[in-house]
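Please look over the sequence and the structure shown here, then read the points below.

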Amino acid sequence: MRRLGLDLPLLPTTAVGSYPKPEQLVEARRMLLAGRLKPKDLREMEERATKEWIALQEEIGLDVLVDGEMYRGDMATYFAENLDGFRISGLVRSYGNRYYRKPIIVGEVRWRGPITVDWWRFAQALTKKPVKGMITGPYTMMDWSFNEYYSSRRDACLDLARALHQEVKALAEAGAKIIQIDEPALSTRPEELEEFVVDALEIVTKGVDAYFIAHVCYGAFEFIYPEMLELPVDNFDLEMSNSELDLVELFKKHPFTKDISFGVIDVHSHVVESVDLVKRRIERALEVLSPEQLWIDPDCGLKTRTREEAIGKLQAMVKAVREVRTGLCRGNA
Amino acid sequence: MLLTANTGSYPRIGDKPEQQKHRQAYARWEKGEISDEEFMRVQDEVTKEVIHEQVRAGLDLVTDGQVRWYDPISHIARGLRGFEINGLLRFFDTNFYFRQPVVEGEVRWVKPILVWEFSFAKEISAVPVKPVLTGPYTIARSSINRYYPSLEELVLDLASALGREIGELEKAGADVIQVDEPAILKNPDDFELFRDAIEEICKNVENARLALYTYFGDAAKLYEKFQELPVDIIGLDFTYSERLVDVVVAQGSSKGLGLGLIDGRNTRMEKETEILPILERIVPQVEGGPVYLNPSCGLEYLPRETAFAKLQNLVMIAKRAREVMG
């Protein structure tokens, strides 16, 4: 961390990626799709919303910021639309009355040029705190796409890794020191982790000097543990707020050797946690991990919560961390 | 000898404006703008449409597309006593989510769950309809158990309850009844318990043919054991296994088979040159009958247009196979 020029406190606080979009922005995105708004006007609104969230994060006191994804919809389609080799599918049901479009791989997947670098630069210019670079990982891109081109999941994943490596290089060259690879699909077929996911992430991160975080939207990671430690990242971002996993047991057999961004805020609940509840969750992490390994964040992106809920939750989190830090320092004195 | 069938679900909306009916009605119903009855009528209409699409594609055996189902787990569980329905969970390795049932009390059949859905479909379909229900082992494995001291007891009570439902479906005129048990592929060590559950279910069937369908995993290891179950048809998903074709050819089948050679999870259209050789190897080895060419799983994982094209493609391939095999 110091080598990269990052000076973070004990138990750095951060967020996972998304914040709720302001209502006017949601409407503006619809209007763009309907052809009733110009891209540059949408861009202005996205910039304004990003500025707002950067300022809010600073006010709340987060140590490592995210750009809030005001310009993104679905995390897979966003990258598919900006890479060669993809088309977008018709509607498919996710649950209830929710439908979405999936990427379809129709040809060789290739990096066309920087996808997220512009937005990363824009966000970073607004603050002195480090802003995370963020990509959707090759395994998730492969697993969430239809595949009409590659003869195996492995081949699709590795070509995606090569394309995404270019993006990661571009982010690092632009100055991003912390880069998050979102892999919510990681636990879907655990056997594939050692078959090709490790190779894929090695391709993505090779030769790039940055602190890498793998975000795995999954609290019950015992199916891919300890194999997941083989992934060439420095930090695992895990959804732990509601996890009933016996970490003491799990880490007794195989100690957690990397850093962990321990999710302590339930992003699926509208209830704003009390500081005490968050403290208890942090203390649970401290039972099995050393403070030096620990980052604190919400379970996942906050885009499904209202603005007020998101702010309230982050405030509770930061307050809890500050109290725990004080306790730790006193303990060490 | 070789027939064609749907495997389960079918997309309830499409991308064309006239195919948005279900989505629009659902949204209005959630807001209270239309009544339960009005929403039900839209579901009836959409069910008719999806049945007609399957018939137009040329299938010999259709399903009602499960248009009325929230998901394959909670739709069955909520119809039984003993269950509460909880929050969303990922459905196997798909990007689809189901509502997780919680077992709070003794599981009992209280009234028919799928009978009126099946009867409705049977009435309006020009082609035979098979009812599909998720089996006791998979429902048990997908639920949070807060009542029974063991998985075994939960599975067996579920088998008893769903066995009753299957008996009712037979009385309602079902000739083929399909039971989906994808979860056994993930838990092969539970096969003894699984066998007990299937035997319990089969007690309720007199003349109807019971089809056991599995998917989302590799069935090669359990294939031999499936052949020993008292079911009439075994449905297999070939998209997860390199060696399943060889296993089936080598061991043959004393039962009818459902050949899931058409990938219900991917938009890529299968080529005749890929499927025909497999059919030519497998079909002669099947002693029991019939053999169905069907999608590897439900079709709700695909856009509507693609689902229809898959069925048309499947029918074309089966026709060609019949010509070639004589």
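What follows covers the interface between two chains and then the salt bridges within each chain. The model is predicted. Chain B and chain A bury about 2,100 Å² between them, and the structure holds 48 salt bridges over all chains.

**Interface between chain B and chain A**

- On the chain B side, 27 residues are in contact with 21 residues of chain A.
- B:R23, B:N95 and B:T267 supply 24% of the area that chain B buries against chain A, more than any other three residues.
- Of the area buried between the two chains, 49% is on carbon and sulfur atoms.
- There are 11 residue pairs in polar contact between chain B and chain A, counting pairs with both residues at pLDDT 80 or more.
- At least two residues each come from α1 (21-30) and β2 (80-90) of chain B on the side that touches chain A.
- With four residues, α1(B) gives the most to that side of chain B.
- By type, the chain B residues that touch chain A divide into 12 nonpolar, six polar and nine charged.

**Salt bridges between the chains**

- Three salt bridges are counted between chain B and chain A.
- One of these salt bridges joins the side chains of B:D15 and A:R101, at 2.9 Å from N to O.

**A salt bridge within chain A**

- A:R112 and A:D84 form a salt bridge whose closest N and O atoms are 2.8 Å apart.
- This pair links distant parts of the chain, 28 residues apart: A:R112 is in the loop between β2 (98-111) and α4 (117-124) of chain A, and A:D84 is in strand β1 (residues 83-95).
- A:R112 counts as exposed because its relative accessibility is 52%, over the 50% cut-off.
- A:D84 is partly exposed, at a relative accessible area of 30%.

**Salt bridges within chain B**

- B:E300 and B:R12 meet through their side chains in a salt bridge of 3.2 Å, N to O.
- B:E300 lies in the loop between β10 (291-295) and α12 (304-325) and B:R12 in the loop between β1 (2-4) and α1, so the pair ties together parts of chain B that are 288 residues apart in sequence.
- Both B:E300 and B:R12 are buried.
- B:R68 and B:D44 form another salt bridge, with the closest N and O atoms 2.8 Å apart.
- Because B:R68 lies in the loop between α2 (36-57) and α3 (74-77) and B:D44 in helix α2, this pair ties together parts of chain B that are 24 residues apart in sequence.
- B:R68 counts as buried at 11% relative accessibility, and B:D44 counts as buried at 17%.
- A network of salt bridges links B:K21, B:E45, B:E49, B:E53 and B:R304.

Definitions and conventions:
Residues are numbered from 1 along each chain as its sequence is written. Chains are lettered from A and ligands numbered from 1 in the order in which they are written. This is a predicted model: local features need pLDDT of at least 70, side-chain atom pairs count only at pLDDT 80 or more; totals for chains, interfaces and linings use all residues. Side-chain values use heavy atoms; hydrogens and water are left out. Contact means heavy atoms within 4.5 Å. Buried area is the accessible area (1.4 Å probe) that two parts lose on being put together, summed over both. A salt bridge is a side-chain nitrogen of Lys or Arg within 4 Å of a carboxyl oxygen of Asp or Glu. A polar contact is a pair of N or O atoms within 3.5 Å; within protein, one must be able to donate a hydrogen and the other to accept it, and residues adjacent in sequence count only if both atoms are side-chain atoms. Ala, Val, Leu, Ile, Met, Phe, Trp, Tyr, Cys and Pro count as nonpolar, Asp, Glu, Lys and Arg as charged, and the others, Gly among them, as polar. Buried means under 20% relative accessible area, exposed over 50%, partly exposed in between (1.4 Å probe, protein chains only).
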